[in-house]
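Student: I have a protein structure open on my screen, and I would like to learn how to read it. Could you walk me through it step by step?

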Amino acid sequence: EASSPWEFSTHPTDHAETPTEAYQDLAPVLDFLCHKLQRTRATLKIWDPFFCQGTAISRLGSLGFSSVINNNLDAYQVMAEGKEPEFDVLLTNPPFSGDHIERVISYCTSPSRPSLLWILLIPDYIDKKPYFMNYKRLARENKTSDDGFPVCYVGPRSSPYSFTVPEHLKLDTKEERHTTIFQCVWFVNLGMYKSELLSWWNEKECKELNIQDSVLALHMADLPQLADKGTDKLTPAERRWRKKVREGKAAIGDPSRGRDGGNRQTNKRKNQSNTKTSTRNKKSRR
């Protein structure tokens, strides 16, 4: 049996390299962090604890982020032994199989690491998982940011990220689909810097960076829905909002989004209420 190139046990479908486009979309956020921490792209220390083939170093390096740590080590062993390298931000696309994502989020959101800045590229449905919902509740109770919840989201505007499996891994069709079927977005936790990031993104100096392909959102529902998840079930208001986001005509916190944020249940209740009101008015006119 051939020896594994990895220093830890793995599942073949977990090896999917983060596309350069995803790093490009995130680059403005990292530039903002450089500004706050008085770093440059070359000196911002980025730790990606999960190793695939090391392309995180080369792809981030191609954007000027040359202080990236991505070693062929067992991430969980490093974390358990407290041997994490010195870093400014944890940035990773973790394995999706099993309970990997939950374990990583548990590490990042541990009360013992209140100042940890982290950015994860994970499926958008994680936002509704019980363990992440519980984190949201605790974050708001502890007021970990100005608005109570420190996470915002960055995703593509026009097409979902496509992940590539290393060529030496021969997967069947079903396993290959496993690596691309989800719409993945960046979950960004910059702690108390969140409010400043949101303002900065919308200001002129941010627009000068020619941000065209990515969207920064306060809520997951504000990101363009690019994967096939039954968009025909969206309400007209939600479809209009997402079209505005794709076309770059919607700013963060745009009032046209509505208080309910395009929530289908809220809109449904509103439509039912309007229907009842209309019926009563017709009866009164009779």
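Tutor: Happy to! Let's begin with the surface: the protein exposes about 15,800 Å², and carbon and sulfur atoms supply 48% of that area. Accessible areas come from the Shrake-Rupley method with a 1.4 Å probe, and for residues only the protein chains shown count as cover. Before we go on, note that this is a predicted model, where local features need pLDDT of at least 70 and side-chain atom pairs count only at pLDDT 80 or more, while totals for chains, interfaces and linings use all residues. Residues are numbered from 1 along each chain as its sequence is written, and side-chain values use heavy atoms, with hydrogens and water left out.

Student: What percentage of the residues count as buried?

Tutor: Buried means under 20% relative accessible area, exposed means over 50%, and partly exposed is in between (1.4 Å probe, protein chains only). Here, 45% of the 286 residues count as buried.

Student: How many helices and strands does the protein have?

Tutor: Helices (H or I, at least four residues) and strands (E, at least two) are DSSP runs, numbered from the N terminus. The protein has 10 helices and 7 strands.

Student: In what order do the strands sit in the sheet?

Tutor: Two strands pair if DSSP finds at least two bridges between them. The 7 strands form an open sheet with mixed pairing, in the order β2-β1-β3-β4-β6-β5-β7. At its edges are β2 (68–69) and β7 (214–217), each of which pairs on one side only.

Student: Which pairs are parallel, and which are antiparallel?

Tutor: Let's take three cases. β1 (residues 46–47) and β3 pair in the parallel sense over 2 bridges, with W47 opposite L90. On to the next pair: β3 and β4 (residues 118–123) run parallel and are joined by 3 bridges, and there L90 has W118 as its bridge partner. By contrast, β5 (residues 151–156) and β6 (residues 184–189) run antiparallel, with 4 bridges between them; C152 is partnered by V188.

Student: How should I read the two faces of a strand?

Tutor: In a regular strand the side chains alternate between the two faces of the sheet.

Student: What kind of unit do β3, α4 and β4 make?

Tutor: They make a right-handed β-α-β unit, with α4 spanning residues 100–108. A crossover is right-handed if, with the strands pointing away from the viewer, the path from the first strand over the helix to the second runs clockwise. α4 lies across β1, β3 and β4, at about 160 degrees to β4. Such angles run from 0 to 180 degrees between N-to-C directions, and the axes are lines fitted to C-alpha atoms, for helices over the stretch in contact.

Student: Which residues of α4 are buried?

Tutor: They are H100, I101, V104, I105, Y107 and C108. Seen down the axis, these buried residues fall within an arc of 155 degrees, so they line one face of α4. The arc is that of the directions from the helix axis to the C-beta atoms. The cover over them includes β1, α3, β3, β4 and α5 (130–142).

Student: What does Y107 touch?

Tutor: Contact means heavy atoms within 4.5 Å. Leaving out residues up to four places away in sequence, Y107 touches W47, M79, E84, L90, R113 and L116. Y107 is buried, with a relative accessible area of 9%. Along the chain, Y107 and M79 are 28 residues apart, yet their C-alpha atoms are separated by 8.3 Å.

Student: Where does α7 lie?

Tutor: α7 lies across β5, β6 and β7, running at about 135 degrees to β7. In α7 (residues 194–202), K194, L197, L198, W200 and W201 are buried. They cover an arc of only 165 degrees around the axis, which puts them on the same side of α7.

Student: Is Q38 buried or exposed?

Tutor: Q38 counts as exposed, at 72% relative accessibility. You will find Q38 in the loop between α1 (20–37) and β1. Its phi is near 55 degrees, a positive value in a residue other than glycine.
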